[in-house]
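Have a go at each task before you read its solution.

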Amino acid sequence: MDHQEKLLRFENQVVRHLDAAFNLARWFTRNDDDAKDLVQEASLRAFNAFDNFRGDDGKVWLFVILRNLFYSSVTRKTPEQAEFNEEIHSAGEPSGNPEVLLFRDIETRLVRQAVEQLAGEYREALVLREFEGLSYREIAEVTESPLGTVMSRLSRGREQLRHSLAGYMKNKSGQKGGRNAVSGK
Amino acid sequence: MQCQESKTILGAYLDGEIELMRSVELEEHLAVCAECGRDLEEQHGLQELLRNPSLRYTAPAGLRESIRASLPAESKPLRPKAEPSPQRATGLRWWPALQWGAVAALCVVLAGATLFWFRGQSEQKLAGQVVDNHIRSLMAGHLADVATSDQHQVKPWFAGKLSFSPNVPDFVDKGFALKGGRLDYMENQTVAALIYQRRAHIINVFIYPSSENRKPASEQLRGYNLVHWAESGMEYWLVSDLNPSELQELAGLLRS
C-alpha cells in the first residue's frame with residue numbers, strides 16, 4: 001500500500017475515533033495526561049500494525065490495542081486487580097465555583113464519580129456500552145470475555161450504579177419542577 | 001419467568017440484546033409483576049442519567065495533531081535502493097525519460113476520462129437506488145426502525161448493526177426535526193438512513209463509508225430532489241420531495 005494512501009485510510013478508519021479512544025483511556029487512567037500518552041502510544045502501535053488490519057472500521061480494533069497496552073505496560077494489572085485510586089481521581093477533578101455550577105454539572109460529577117467507583121471490569125463494560133455504544137459482541141471482543149460474562153458484568157455494574165445513585169435519582173424524580181427552574185435560568 | 005431471571009436480563013432487554021422469544025416472556029412477566037415493573041422504571045431512570053453527553057470525555061485540543069505528527073512521514077523501503085550507476089553523460093540521456101513521461105501522461109488522461117465516465121454512470125445508478133429506497137421507506141410502516149427524535153438513542157442503535165458510526169445530529173431548532181433511523185441497503189452494502197422532517201416533507205439521508213471526496217451536487221430524478229457529496233470518509237445522499245434550496249440547507253447543516 002502506498003504510504004499516502006495508508007495515511008489516508010488510517011485517518012478515515014482509526015484517527016476519527018480519537019475522541020472515543022480518549023474517552024476510554026480517560027476512564028482507564030483517570031487523568032488527562034496519562035490518557036493522552038496512552039492514546040498517543042496506542043495510535044502509533046495501531047499505525048505500525050495497520051497493514052494487518054482487515055476491516056472498514058477501526059474503532060473496536062483500536063480499543064483492543066489501547067486496552068491491551070493499558071493492562072500490559074501501564075499498570076501491569078488486569079481490571080480485577082486494578083484498584084480505585086482516590087488521590088489520582090480527586091486530583092483530576094476540575095474545581096469550580098459552587099455558585100456557578102449548574103445542575104447539570106453537579107449531576108455529571110455525581111454520575112462520573114459513581115462510575116469511577118465501580119470495579120474495573122464492570123466499569124469498562126459499562127463505558128463501552130453506555131458512552132461508546134458498542135454492542136455486546138463488540139464488548140466481548142474488546143475485553144476478551146465471553147458474551148455471557150459481558151451481560152452479567154453490565155447487569156451487576158448497573159445494579160451497583162443504581163444503588164449508589166438511588167438517593168439522587170429519587171430526589172430528581174421528585175423534583176422535576178425545581179430542576180426546570182434551575183436549568184431554565 | 002421468575003423475578004430472578006427478569007432482573008438479570010432486564011438491562012440486556014433494554015439494550016435490545018436478547019432474542020425475541022425471551023423478550024416476549026419478559027414483557028409478559030413485567031406486565032404482571034409490580035416489583036419488576038419498578039425495576040424497569042429504575043433502569044430507565046439510570047439510562048437517562050447515563051445518556052448525559054457530558055459524561056463522555058473528549059480528546060483535548062492538539063492531541064489529534066500530535067498523533068498525526070508522530071506517524072512516520074515515509075514508509076521505510078523494504079530494501080535499500082540500489083545506487084544509480086554513474087553514467088557517461090550523452091546528449092540523448094533525457095530522451096527515454098521524455099518518452100516514458102509522454103506515455104505516463106497519456107495513461108493518466110485516459111484513466112481520468114474513463115473514471116469520469118464510469119463515475120457519471122455509477123452516480124446515475126446510485127441516484128436511482130436512492131430514489132427507490134426513499135419511495136420504499138414512505139410505504140406503510142417502513143420509515144424508521146428506531147423512531148425517536150432523540151439523537152442519543154438513534155446513534156447507539158446503529159452501533160453493532162453497521163461497520164461504521166454515522167453522526168446523528170438533530171436540527172429541530174433549524175426546522176429539520178430528526179424522526180429516527182433505519183438500516184437500508186445500497187451499493188451492495190448496509191447503509192445508515194436518517195429520517196428528517198421539514199413541515200410535511202420527509203427527507204431520507206443515506207450515509208455510508210467512502211474513500212472519495214466530492215463536492216455537493218444537486219440533481220432531480222423522477223420528481224425528487226437529491227443532494228449528494230463525499231467527505232471525511234463518508235458518502236451522503238439526501239433525497240426528498242422538498243424543494244432544492246431547503247434540501248441544500250439541510251446539506252449545509254450536515255456538513256458544518
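## Exercise 1: a helix over the sheet

**Solution.** Helices here are DSSP runs of H or I with at least four residues, strands are runs of E with at least two, and both are numbered from the N terminus. Angles run from 0 to 180 degrees between N-to-C directions, with axes fitted as lines to C-alpha atoms, for helices over the stretch in contact.

Before you go on, a word about the model: it is predicted, local features need pLDDT of at least 70, side-chain atom pairs count only at pLDDT 80 or more, and totals for chains, interfaces and linings use all residues. Residues are numbered from 1 along each chain as its sequence is written, while chains are lettered from A and ligands numbered from 1 in the order in which they are written.

## Exercise 2: the sheet of chain B

**Solution.** 

Step 1. Begin with the chain as a whole: chain B has seven helices and six strands. Along the sequence, the pattern is α-α-α-α-α-α-β-β-β-β-β-β-α.

Step 2. Now follow the sheet across. Two strands pair if DSSP finds at least two bridges between them.

Step 3. β1(B) and β2(B) run antiparallel and are joined by nine bridges; B:R182 stands opposite B:A193 in β2(B). These strands form a hairpin with two residues between them, and B:E187 in the turn has a positive phi of about 55 degrees.

Step 4. Continue from B:A193, whose bridge partner in β3(B) is B:F206. Seven bridges pair β2(B) with β3(B) in the antiparallel sense. Their hairpin also has two residues between the strands, and B:R199 takes a positive phi near 50 degrees there.

Step 5. Cross to β6. Strand β3 (residues 201-209) and strand β6 (residues 234-240) of chain B run antiparallel and are joined by seven bridges, with B:N204 opposite B:V239 in β6(B).

## Exercise 3: two helix pairs

**Task.** How do α2 and α3 of chain A pack, and how do α1 and α3 of chain B pack?

**Solution.** 

Step 1. In chain A, helix α2 (residues 18-29) and helix α3 (residues 32-48) pack at about 130 degrees, with axes 8 Å apart. That makes α2(A) oblique to α3(A). Angles under 35 degrees count as roughly parallel, over 145 as roughly antiparallel, 65 to 115 as roughly perpendicular and the rest as oblique.

Step 2. Check the residues in contact, meaning that their C-beta atoms, placed from the backbone, lie within 7 Å. They include A:L18, A:F22 and A:F28 of α2(A) and A:A35, A:L38 and A:V39 of α3(A). By class, this contact has nine nonpolar, one polar and three charged residues. Ala, Val, Leu, Ile, Met, Phe, Trp, Tyr, Cys and Pro count as nonpolar, Asp, Glu, Lys and Arg as charged, and the others, Gly among them, as polar.

Step 3. In chain B, helix α1 (residues 3-14) and α3(B) pack at about 30 degrees, with axes 10 Å apart. That makes α1(B) roughly parallel to α3(B). The class count is five nonpolar, four polar and three charged residues.

## Exercise 4: where the chains meet

**Task.** Which helix of chain A gives the most to the side that touches chain B?

**Solution.** 

Step 1. The contact takes 43 residues from chain A and 34 residues from chain B.

Step 2. α9(A) gives the most to the chain A side, with nine residues. The residues of that side divide into 16 nonpolar, eleven polar and 16 charged.

Step 3. Finish with B:R56, in the loop between α3 (34-50) and α4 (63-70) of chain B. B:R56 touches A:N23 and A:F131, not counting residues up to four places away in sequence. B:R56 is partly exposed, with 19 other C-beta atoms within 10 Å; 20 or more would count as buried, 12 or fewer as exposed, and in between as partly exposed, with C-beta atoms placed from the backbone.

Note on methods:
Two residues are in contact if their C-beta atoms, placed from the backbone, lie within 7 Å.
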